[in-house]
Amino acid sequence: MREDMAKVVTERPRRGHGNPSKKTTGPRIRAYDPDRDYDEPTRLPIARGRQYGYDCKEFSDLLGPLKRYLRSCIGRPWNKIHSELSQKLDRRSLSGSHIWDHLRWEIETDCYIGADRLAYPTRRTYGLSQVPVHGLYVHPKTGLIREQDLSRKRR
């Protein structure tokens with residue numbers, strides 16, 4: 001794993017970061033009188049989409065290197081990968097915690113193998129219906145990272 005994975009994933013300039021905000025540059029509610037004491041705001045609150053328009057500020061997480069690293073770890077034990085990631089990424093920092101969130105979204109660690117030999121998550125996310133894992137998961141018996149592709153038909 002790269003030494004600077006936390007910086008690669010999170011520290012990239014956000015698209016639209018130089019756009020002026022209409023909260024401070026938009027039209028005023030009323031004419032401003034410096035001698036008068038105001039209790040209410042002089043400008044209207046504005047929604048994020050209206051504030052910046054079509055060119056609004058966006059998140060810019062670069063998840064490609066993280067996904068490629070996890071794909072390169074298929075067949076390796078999850079405990080070793082978890083310890084390697086724990087050494088490199090500090091969960092106490094904001095960027096490290098953010099990357100751990102992305103890791104939890106990319107790989108299913110708590111699952112079971114059903115009667116049809118597909119991996120299912122133990123938590124139910126869609127009510128009563130069970131949806132098989134699509135993507136990376138940790139095999140419950142061996143502890144190895146596996147990939148399950150549901151787009152290919154099973155024979």
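Ser93 caps the N-terminal end of H6, with one of its side-chain oxygens 3.1 Å from the backbone nitrogen of Gly96. The model is predicted. The chain has six helices and five strands, and along the sequence these elements follow the pattern α-α-α-α-α-α-β-β-β-β-β.

**The chain as a whole**

- The chain has 155 residues, and buried residues make up 27% of them.
- Its accessible surface comes to about 11400 Å², and carbon and sulfur atoms account for 50% of that surface.

**Helix H6**

- Helix H6 runs over residues 94-106 and has 13 residues.
- From its first C-alpha to its last, H6 reaches 19 Å, close to the 18 Å expected at 1.5 Å a residue.
- The buried residues in H6 include Gly96, Ile99, Trp100, His102 and Leu103. They cover an arc of only 160 degrees around the axis, so they lie on the same side of H6.
- An α-helix has 3.6 residues a turn, so residues three or four places apart point the same way.
- Leu94, Arg104 and Trp105 are exposed, on the other side of H6.

**Trp100**

- Trp100 is placed in helix H6.
- Trp100 counts as buried because its relative accessibility is 4%, where the cut-off for buried is under 20%.
- Leaving aside residues up to four places away in sequence, Trp100 touches His82, Leu85, Ser86, Leu89 and Arg91.
- Asp90 is ten residues from Trp100 in sequence, and the two are 9.2 Å apart in space, C-alpha to C-alpha.

**The sheet**

- Three strands form an open sheet in the order E1-E4-E5, with mixed pairing. Strand E1 (107-108) and E5 are the edge strands, and each pairs on one side only.
- Strands of a sheet pair through backbone hydrogen bonds, either parallel or antiparallel.
- E4 and E5 pair in the antiparallel sense, over four bridges.
- Two bridge partners in E5 can be named: Glu147 for Leu136, and Gln148 for Gly135.
- The hairpin of E4 and E5 has six residues between the strands. In this hairpin, Gly143 takes a positive phi near 80 degrees.

**His139**

- His139 is found in the loop between strand E4 (135-138) and strand E5 (145-148).
- His139 is buried because its relative accessible area is 15%, and a residue counts as buried under 20%.
- The side chain of His139 reaches the backbone nitrogen of Thr142 at 3.4 Å.
- Not counting residues up to four places away in sequence, His139 touches Ile113, Leu144 and Arg146.

Terms used: Residues numbered from 1 in each chain as written. Predicted model: local features only at pLDDT ≥ 70, side-chain atom pairs only at ≥ 80, totals over all residues. Heavy atoms only, no water. Buried < 20%, exposed > 50% of the residue type's maximum accessible area, 1.4 Å probe, protein only. Areas by Shrake-Rupley, 256 points an atom, 1.4 Å probe, with all protein chains shown as cover. Polar contact = N/O pair within 3.5 Å; in protein donor to acceptor, adjacent residues only side chain to side chain. Contact = heavy atoms within 4.5 Å. Pairing = 2+ DSSP bridges. Expected span 1.5 Å × (residues − 1). Arc of directions from axis to C-beta.
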